[in-house]
Amino acid sequence: MPTFLISDFKINVINGLFECSKFYLELMKNIYVIRSDGFVFREQYLFRFYKRNFLHLTGVNTALSAEDFFDRCVNETLLPNDFDCESTRELKSKVKDKLSVLPFLGSTFLTGKTIEAQERFSRGHVQCAIATSDGILTVCFDGKEILWPKSFQKKNRLTKGMTVPVSVIEIIPIVKFD
């Protein structure tokens with residue numbers, strides 16, 4: 001029977017996915033409302049975190065559905081052959097970057113600290129309704145009424161002079177979440 005070696009990097013990624021999925025699960029339990037007198041296009045924005053968005057935020061590749069991937073991370077049943085995180089140098093770098101800041105996503109929205117926001121954010125190939133930043137990461141949200149996390153990047157990537165200060169002013173618990 002052949003023996004397959006699992007790299008230390010992949011083991012670290014699995015452990016990071018397990019940890020990050022727990023933070024993300026907490027975010028899924030609420031809708032987050034932000035307001036600012038500086039908003040031009042809306043009076044307020046509502047954010048919700050869905051199971052289906054977690055996979056994209058991690059940067060890994062998999063044949064699993066986004067929901068199944070998330071469930072396996074939360075339940076700590078994800079196996080090394082369930083996903084790819086190191087087939088190319090670019091993929092490995094992307095996964096490493098994303099997992100280094102993904103845990104901060106929770107602190108941005110659960111602590112009520114002041115953040116910056118930029119409506120109709122566009123940077124490179126990323127375009128979204130609004131982006132928020134706490135200085136550690138920039139999160140891009142998209143959607144119609146209730147927005148979902150589309151992507152995020154390390155550091156504050158908002159355009160100077162186009163931002164307004166906001167804080168999460170209301171957290172609405174969701175009775176049944178997915």
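This is a predicted model: local features need pLDDT of at least 70, side-chain atom pairs count only at pLDDT 80 or more; totals for chains, interfaces and linings use all residues.
**View 1. The buried side of helix 3.** Ala66, Phe69, Phe70, Cys73 and Val74 are the buried residues of helix 3. They lie on the same side of helix 3, because the arc they cover around the axis is only 130°. These buried residues pack against two other elements, helix 1 (8-27) and helix 2.

**View 2. The crossing of helix 2 and helix 3.** Helix 2 comprises residues 51-58 and helix 3 comprises residues 66-74. Their axes come within 7 Å and cross at roughly 80°. The two helices are therefore roughly perpendicular to each other.

**View 3. The residues that join helix 2 to helix 3.** From helix 2, the contact involves Lys51, Arg52, Phe54, Leu55 and Thr58. These meet Ala66, Glu67, Phe69, Phe70, Asp71 and Cys73 in helix 3. Sorted by class, the residues of this contact between helix 2 and helix 3 are six nonpolar, one polar and four charged.

View 4. Asn53 is located in helix 2. With a relative accessible area of 8%, Asn53 counts as buried, because buried means under 20% relative accessible area. When neighbours within four places in sequence are left aside, the residues in contact with Asn53 are Tyr24, Trp148 and Pro149.

Key. Residues are numbered from 1 along each chain as its sequence is written. Side-chain values use heavy atoms; hydrogens and water are left out. Axes are lines fitted to C-alpha atoms, for helices over the stretch in contact, and angles run from 0 to 180 degrees between N-to-C directions. Helices (H or I, at least four residues) and strands (E, at least two) are DSSP runs, numbered from the N terminus. Angles under 35 degrees count as roughly parallel, over 145 as roughly antiparallel, 65 to 115 as roughly perpendicular and the rest as oblique. Contact means heavy atoms within 4.5 Å. Ala, Val, Leu, Ile, Met, Phe, Trp, Tyr, Cys and Pro count as nonpolar, Asp, Glu, Lys and Arg as charged, and the others, Gly among them, as polar. Buried means under 20% relative accessible area, exposed over 50%, partly exposed in between (1.4 Å probe, protein chains only). The arc is that of the directions from the helix axis to the C-beta atoms.
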